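Welcome! Here is a short tour of the pockets and the ligand in this model.

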Amino acid sequence: MASKTTVLYFGIQKGGAAKSTTAATTAYILARRGQRVLAVDLDSQGNLTNLLSDVDDIYEYSGRTALEAMKAIDADGEELVSRYVHPVSNGIDLMPSEDFMATLSRWLYREFERSYPGKNPGLVLRAALNKILQVRPYDYVVIDSPPSLGDQSINGMAAATHIVSLFEPSKFCLDALPRFFETVHHVRQQLNPNLKVAGILATMVDKRRSDARLLVETLQDDEEYGPLLFEQRIYRRAATGRLNLQGFATNPELRRAIKEYEQFTEELLQRL
Ligand SMILES: Nc1ncnc2c1ncn2[C@@H]1O[C@H](COP(=O)(O)OP(=O)(O)O)[C@@H](O)[C@H]1O
Ligand SMILES: [Mg+2]
């Protein structure tokens, strides 16, 4: 990985924790500050693709997604950029995703391992990104991940310099944290010794619910996780939930939607 590039992996093995919303908003804020940003969607649901691109139909990218970029083992950087990196609004470049991303594992274990014996199936994304960064020296790569543990998340973490974990205050998410950090630990040991944890961001915090406050406090008091929590919380608010409808480019309520994320990004940059 070109040493100047910060690669942020947004994750938690839990659905509906604001992974995609946070990845998209952070990419937007960084790009607006003049940083060169590549956003990479590793979730077959294509939510990051939807949030950042102007197409209504993510299938417009079929055959030109992050999946095909990973499969193009023999392509050089120029080829990868021209086929799989798409400029979208707000000065961001996007490697999109759609349903076929779900076939990554099948390809890795049926074809890749046979054709490239000795190559590690967890390092396919990193290899592609390295080639891309040689021709496009992005300041930041922002990776959005699927909710389940699998080859997409392993590849994403193996390509990352920093992990940002999301914490949406629920019992399920609290239970997901140790499992998530176990995966981070495993990837660090096996594939990416320099991987750092930037922190845990509490998202979708409902100000009116005392149980939400209590769950965040529980995390705050935890010896291991407490110190990792970002001070800024992201509160549950309609304008933030509507980002997937309104987008970023012409959104009349954008300020309200992302104001806490501005502060979070500030804190994140200080921690990198
Ligand atoms: N701060 C927030 N307030 C209200 N709704 C939110 C907020 N953050 C995310 N959402 C909504 O919650 C849902 C899940 O968020 P999403 O980013 O898709 O999570 P994940 O990627 O972890 O599954 C989406 O419908 C999103 O619009
Ligand atoms: Mg998502």
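Where does ligand 1 sit? Ligand 1 sits in the largest pocket, where sitting asks that more than half of its atoms lie within 2 Å of the pocket's grid points. A pocket is an open set of points on a 1 Å grid over the protein atoms alone, where a 1.4 Å probe fits, with protein on both sides within 12 Å along at least five of seven lines; lining residues have an atom within 4 Å of a point.

This is a predicted model, in which local features need pLDDT of at least 70 and side-chain atom pairs count only at pLDDT 80 or more, while totals for chains, interfaces and linings use all residues. Residues are numbered from 1 along each chain as its sequence is written, ligands are numbered from 1 in the order in which they are written, and side-chain values use heavy atoms, without hydrogens and water.

The largest pocket holds about 480 Å³ of space. Its 25 lining residues include Gly16, Ala18, Thr21, Met204 and Asn244, which lie nearest its centre.

Around ligand 1 there are 15 residues, with Gly16, Ala17, Lys19, Ser20 and Thr21 the closest; a residue counts if one of its heavy atoms lies within 4 Å.

| Residue | Ligand 1 atom | Distance |
|---|---|---|
| Ala17 | oxygen | 2.9 Å |
| Ala18 | oxygen | 3.0 Å |
| Arg237 | nitrogen | 2.9 Å |

The protein covers 80% of the 560 Å² of accessible area that ligand 1 has on its own, by the Shrake-Rupley method with a 1.4 Å probe.

Note on methods: Grid points are joined across faces, edges and corners, and a volume is the space filled by probe spheres set on the points. A polar contact is a pair of N or O atoms within 3.5 Å; within protein, one must be able to donate a hydrogen and the other to accept it, and residues adjacent in sequence count only if both atoms are side-chain atoms.
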